[in-house]
Amino acid sequence: MPDAFDVVVIGAGPAGYPAAIRAAQNGLTVACIDAWKNRDGSNAFGGTCLNAGCIPSKALLESSELYLRANSEFAVHGIHVSGVELDLAAMQKRRAGIVHTMTGGVAALLKAAGATAIHGTARLRPGRLVEVTSADGAQSEIKARHVILASGSVPTELKALPFDHRFILDSWDALELASVPRKLIVIGAGVIGLELGSVWRRLGAEVMVLEALEKFLAIADQQLALEAMRHFKKQGLDIRLGAKVTGALVAEGSVSVQYQDGSGAHSLSADQVIVAVGRRPYSADLFSADSGVGLDARGFIQVDEQCRTGAENVWAVGDCVRGPMLAHKGKEEGIAVADRIAGRYAHVNYEVIPSVIYTAPEIAWVGKTEEQLKADGISYKSGVFPFAASGRARAMQAAAGFAKILAASDTDTILGVHIIGPLAGELIAEATLAMEFQASAEDLQRTIHAHPTLAEALHEAALAVDRRAIDNINR
Ligand SMILES: Cc1cc2nc3c(=O)[nH]c(=O)nc-3n(C[C@H](O)[C@H](O)[C@H](O)COP(=O)(O)OP(=O)(O)OC[C@H]3O[C@@H](n4cnc5c(N)ncnc54)[C@H](O)[C@@H]3O)c2cc1C
């Protein structure tokens, strides 16, 4: 292996590996070093997203939804099934297989691009010297013209409930359970808590969700949040808001969790607890104190708008820097930095980053919420189209929810799109593209959408902005 590269990327998650591939596409010599270790001791590329995040969670969400539908929905279609049985081991094997294929794919992509992929731990020293301890224990030193830090994030622990990985679980543990808990407490009603809570609820667990905030899904448009809460309650998720966890006790094979809310102190017991209160940036032993790289008060690597750290030609991208902790945000930053290094134009539009919660109904949004527009004093128009009026959604037995478009009163520019309903995470791509091109509601109105599709809901929501919807009564 060479001891000098144009670019050394530390971390091969969704921020790091695309940076390495793009740098190689730009004709630069690249090494990409990743320390990920699976619980069986094996190494893998792909970071949190592929190994313990986005992909395994979506695999289980899909399987658990099918199990639920086979049990409760097929009869509506006139399909009578009996003896539907859960084979969790097979479900988990499928999840693990998908992860294995995808992480192997990252290794293949790096290789095909001509990047040198290394399983090992890296540490940056001044002058862009990178110390590498390979997975086999061998030590080496690499000199880099540029270094991209993409070390990601780890689950936040609660002081009162340190992870023991048996009873008090992090999100990774919660994806690899070998049996369905009878009773499960999820702490945190954020994206990860809701997705994991949904999986185990569908598979039969009694699920209680404790959320410290009084508002449900405070980051989302509140019309969407209210609709989501209604559906989650119907599904049997026992969501308790304003519930601040104060302690927990593990004894005799179960956990009791104490929490405080407006009405006083309470205690709940369960077989297991998932702590999903957020993630914190990870940079343990990533760089020496004299490397010139700094951290902010919350532990994020300090960067400017273009992802430059305080050290010359050292960049940082993804979850370890400010901004939403999302795989696609990290990917765009990684690609942009690799292009900047090669002297090419690059831009990340932080105003137009879609968010998706893969529950049922699915939730997705991009741009501003109504609450944000009101707080900013921006005058807007709103158009809403319910999936109940969509023929395709009805045919899919998935008519819950709505699509909502917010557009500027004066210019008609789309300012935010909020969807709760079938395949909302796919539908939001059209809205994201529209916003990236600063489209107006009228632009969407004049765009032909195939019939019958779910995407027509966006078309009709755009028409509803001007009270010109065709397939719904304009109010
Ligand atoms: C359960 C769950 C579900 C999620 N679902 C979604 C989703 O649906 N959509 C979405 O956009 N996001 C989702 N996320 C968030 C997403 O996983 C992260 O935003 C994303 O992985 C961040 O990418 P990254 O490359 O910055 O960091 P990571 O993916 O965390 O990768 C960082 C890598 O750097 C390595 N590393 C760290 N330090 C060193 C070092 N010193 N030397 C070598 N290697 C090092 C780590 O081992 C790791 O492999 C989910 C997260 C979880 C936990």
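Visitor: Where is the place of Leu-194?

Guide: In this model, which is a predicted one, the place of Leu-194 is in helix 6.

Visitor: Why is Leu-194 called buried?

Guide: Leu-194 has a relative accessible area of 0%, and a residue is called buried when that value is under 20%, so the word applies to Leu-194. The C-alpha atom of Leu-194 is separated by 9.9 Å from that of Leu-217, which stands 23 residues apart from Leu-194 along the chain.

Visitor: What does the side chain of Ser-198 reach, and what makes that a polar contact?

Guide: Ser-198 also belongs to helix 6, which covers residues 191–202, and its side chain reaches the backbone oxygen of Leu-194 at 2.7 Å. A polar contact within protein needs a pair of N or O atoms within 3.5 Å, one able to donate a hydrogen and the other to accept it, and the distance of 2.7 Å is within that limit.

Visitor: Is Ser-198 buried or exposed, and how do you know?

Guide: The relative accessibility of Ser-198 is 2%, and the limit for the word buried is under 20%, so Ser-198 counts as buried.

Visitor: Which residues around the ligand come nearest?

Guide: There are 36 residues around the ligand, and those that come nearest are Asp-34, Thr-48, Lys-58, Asp-319 and Ala-327.

Visitor: Which elements give two or more residues to the shell around the ligand?

Guide: They are strand 2 (30–34), helix 2 (47–52), helix 3 (54–72), strand 3 (116–125) and helix 8 (327–341). Helix 2 provides the largest share, with four residues. Sorted by class, the shell has 18 nonpolar, 14 polar and four charged residues.

Visitor: What volume does the largest cavity have, and what makes a space a cavity?

Guide: The volume of the largest cavity is about 40 Å³, and the structure holds one cavity of 30 Å³ or more. A space is called a cavity when a 1.4 Å probe fits there but cannot get out. Pro-155, Ser-171, Ile-192, Val-275, Ala-276, Val-277, Gly-278 and Arg-279 form its lining, which by class has five nonpolar, two polar and one charged residues.

Visitor: How much space lies in the second largest pocket, and what makes a space a pocket?

Guide: About 1,000 Å³ of space lies there, and the word pocket is used for an open set of points with protein on both sides along at least five of seven lines. Of the 29 residues that line this pocket, Glu-65, Arg-69, Ala-360, Pro-361 and Ala-398 lie nearest its centre. Helix 3 gives the most to the lining, with eight residues, and by class the lining has 13 nonpolar, six polar and 10 charged residues.

Visitor: What is the peptide bond from Ala-360 to Pro-361, cis or trans?

Guide: That peptide bond is cis, with omega near -5°, and Pro-361 is found in the loop between strand 17 (355–357) and strand 18 (362–367).

Key
Residues numbered from 1 in each chain as written. Predicted model: local features only at pLDDT ≥ 70, side-chain atom pairs only at ≥ 80, totals over all residues. Heavy atoms only, no water. 1 Å grid on protein atoms, 1.4 Å probe; cavity = no way out; pocket = protein on both sides within 12 Å on 5 of 7 lines; lining within 4 Å. Points joined across faces, edges and corners; volume = space filled by probe spheres on them. Nonpolar A, V, L, I, M, F, W, Y, C, P; charged D, E, K, R; others polar. Near = heavy atom within 4 Å. Buried < 20%, exposed > 50% of the residue type's maximum accessible area, 1.4 Å probe, protein only.
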